[in-house]
Structures are given as structure tokens and as C-alpha cells.
Amino acid sequence: MDSFTQLINRIGLPRLAAMAVVAMLMLGFFGFLIMRAQAPNLSPLYTGLSLEDSSAIVTELQTLNIPYELRGDGDTILIPRDQITTTRMTLAGSGLPQRGQVGYEIFDEQSTLGATSFVQNLNNVRALEGELARTIASLTRIKSARVHLVLPERELFRRERTDPSASIVLAVRGELASGEIRAIQHLVASAIEGLTPTRVSIVDDQGNLLASGTGDDAEGALAGDAAERTLSFENRLRTRVEDMLANVVGAGRARVEVSAEIDFNRSTTTQETFDPESQVVRSSQIRETENLSAGANGQVTVANELPGASQNNGAAGPTEQGTSSEEVTNYEISKTTQTAVTEAGAIKRLSVAVVVDGVYAADPNGDPVYAPRSAGEIAQLLTLVRSAVGYSETRGDSVEVVNMQFAERPELAVPGTDGNGGLLDFTRDDLMNGAEMAVTLLIALALVFFVMRPLLKKVLTPETQALALPSGAELGHHGVLSADGQIIADEEEEPRDKTPAWVASAKSMGETQLQTLKTVGTLVEENPKQAALIVRDWLGSAA
């Protein structure tokens, strides 16, 4: 017990208090690290939720006893990463999230008993709108969708019929291409009976009209399709040529641009050819006719018309007799019929421009020096490019290969800009976790080196011996302290005046004490640490 008390006295109360505070801080800090390490790694379960869906999902998570955290305005819910898949499957079984839309489950929640046809038709339209909105929202470039359908009913005994129409509002990521817009139109039109893609209007969340839906944009759709086909063809040719040149001159050492004129007219040509030299008898027909008649001088009388008049009057006039022959021959002539159909997409003209970087050689100092490529090498590259794109002089195609120095050499590009991540392709969560661990490590090192280490060093350093005053230096002793620390007694002098003896004695004692205080002050200034130890010992002995 005495040794413990002596240890406490040797360390001192201020040091003990400082050590206790630092120990508490260190325990709290490492306790925070342990709790933070044991805390689950949260990841977004759903984002962009409506308040209704967020409320329903939170209620379901509380029922399943799954920890969660809300971010933003409640539209983002985070749960432990290892439970995301199972939780999504469980919520999907409960029909969550609904994304603000009601699908065919509306018929499961309502009873059809007593429901009128109007209510059934209205629920059918709502279900169609909800299902189409969910399908459109499942696309990669679509964040959310809302669909409105107009399905007119055909009245009895009426021939006229109004075509159905649809309007869609989309919240998109970036900008939709014309092909994606037409894909959404055809998707909706195929799901509704009697609906045509030209009757589907689309508007984005910025108020931009993507498709009018008036039925007059068919020509615009065809023009957009032609432009997309042309761009796709140009990109395919450019990629083919760049890949080929990359194997010859190096990756990134060539730039290719392709411009194509494509004929989108579709034509059908029918041609019939007859060959008279290759005629063949198909059929032959011969007909002979013999005529015999007797005339009455050309007069027509009643007697001539009576029965038997020709016999009675046979000799009354001349007789006519004739023979005719007719032959008909049919010939079959060979005929050739050709039908040629020219589909749209024929190439009318092709223009290709290629820029190739030169070569770099090291100078005596080791620095790269640019050198242009030779004319023979450029001619070889030109031949390769023409063969790759299908060059045709008849069409008037143009292919140019030019050698120029690039502004930035590929080998001097900034490292780390490669799009292929590989092992260093960290996600945002990985970067945040790494930054958090680095900050925690820095704080821990700072506490160890700048707080714990000096404190332990000060505690474990052996106590310096107190600076003892020389004997005879007590206050009130007559004498003067010499340079070597010895006390020189004052020589008694006879009073020069008639001052009382007790006054002279008091004056001498005061001068001696003043001299002693000055000496102590000098020693304290020269040895502050030893002086502090002496004062602490005095305080400890007084306690």
C-alpha cells in the first residue's frame, strides 16, 4: 500500500488525471472502431420511391425485423448488402414497390360481385396503364413512366369508329434516341387492340415532345430510320478500318471517318423478251368449203319463195358453184420474263478519310523524335483501306490516307485512363470504405505517437534528484553565498552611528534574506526542472 502511495506521489495527481482522460478517450475511440466494424454495410434497396411505396416498404421491413436506414426525403431505403436479394424477392411477392401504379392485381383486391360494367371497364383501363408503365420503367434508360390510354367504345348500329390513342410521360436518364422512342411506341401499340404506333404520343419530364402521336409523323419516322441505318453503317465501317490499322500502326495511332450516301428507294422491274427465231408449230387447222346455188336472174318473186319453187323453176336461171379452202397454223414463240427487285440500302457513294500518326525514334539524349511515314507505307495503307471498305471507282468512291503528327502521342497518355477497370475497378462503396479506413488509421496513429507515446515516456522516465541547497543556506542565517556555494560569514562591524543594536541586527538579517532570495531565484532560472521537483516535494510533504 505504501509503495502504491509512493508511486502515486511520484507520478503526481495532474499526470494521473491526464492519463485517465487519455485512457478514456482511447477506449471510446477503439470502442467506436469496433462498433463501426461490426455495423452492417448498408446498400440501397430501392431509390426514387414515392412516399406511399416508402411507407409500405418500411412497414414490411419492420415486420421482417430487417435493419434499415432512410436517405434523402425518404425516397431511398438502405439495408444490409447481404440481405438485398432475399428482401427484394420477399417484397416482390407482396407486390412492392408499386411505383405509384396499379396493375392486374386490382382485380384480386376487389370483389366483382355487384360491380357494374362501367367499374369493370375503368379497372381494366387502370390495369393496362399500370402494367404498361411498369414494363416501360423496366428499360435501362427510363427512370419512371406514366401511361394514359383512351379506349373509345364502339356504339351499336354505328359504322364509324374512333381509333384508340395513348400518351406517355417519361423520366429519362440522359437523352433517348429515335430508335428507343419508336420502340416504346410499338411496345404500347402492340399491347392495345387497334392502336397504331403513330397514335402514341411521348413527352419527357422536361416537357420536350418526343413523339406527337397525331399520325402525321410517319415520314419523320422513316427519315429517322434512314439516318440511323446510315449512321450504323458508317460506324461499322469505321470500327473495321480502325481495328485493322491498330494492328499495323498501333492502337490509337490512326483516326478514321466514314461518310456514306445510301439509296433507300425500293424498285421492282419486270421485263419480257420474245425470241422469233425459236418459233415452234403449236397447232394446224385446215378447213374446205364447197358452195352450189341456182339463181333466178336475181329476181325475188313469190313463186320463187314457195315450197318446191326451185325445182319447178330450176332451168329458169343460171347455177353458181364454188370451193374455198382455209388453213390456220399456230406457232409458239419462246418468251422470257424477268422480275428484278432492288431493295433499299444500296450504297450510292462512299467517302473515307484516314489520318495516320508518324513514327517516333529516340535521339542521342533518349527523347522521342517524330518522323513521317514513307510514301510507300502510305500507299500500302491506302490499298488496305480500299479493300476493307469495298472501294468502287464506278460509284465515285473516295478514300484518302494522310500522314500527320498527332497532338498527343498515345504512349504519353496519362496512365489510368483505360476504360478496362480490371483489378483496380473499384466501386463507389469500395472507395468510401477505403477512405474511412484510411482516416481511422491516421487518427489512431496520431493518438499513439502524439498522445500515448509522450505520456508513457514521461511516466517511465526516472525521477531526477532534487537540487539540494548548500548547508547553512537556511533563511535567516547570516552570511553571503560564494561562487562555489559556500557560506561566508559576515564580519561584524561596529555601528558607525548610534542606531540601537536590535535595529542594526534586524537590518543585517533583512539584507541576508534578500541576498538568499536572489541566490535562490538565480538557481531556479538556471535549473527550472529541479526547482519544480523541489516545490512538488514540498507540497507533497506538506500534505
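Strands here are DSSP runs of E with at least two residues, and helices are runs of H or I with at least four, both numbered from the N terminus.

Strand β5 (residues 165-172) runs parallel to β6 and is joined to it by five bridges, where two strands pair if DSSP finds at least two bridges between them. One of these links pairs S167 with S201 of β6.

## About the model

This is a predicted model, in which local features need pLDDT of at least 70 and side-chain atom pairs count only at pLDDT 80 or more, while totals for chains, interfaces and linings use all residues. Residues are numbered from 1 along each chain as its sequence is written, and side-chain values use heavy atoms, without hydrogens and water.

## Residue E261

E261 lies in strand β8 (residues 254-263) and is partly exposed, with a relative accessible area of 41%, a class that falls between the buried limit and exposed, which is over 50%. Apart from neighbours within four places in sequence, E261 is in contact (heavy atoms within 4.5 Å) with A346, I347, K348 and R349.

Although E261 and L350 are 89 residues apart in sequence, their C-alpha atoms are 6.4 Å apart in space.

Technical notes: Buried < 20%, exposed > 50% of the residue type's maximum accessible area, 1.4 Å probe, protein only.
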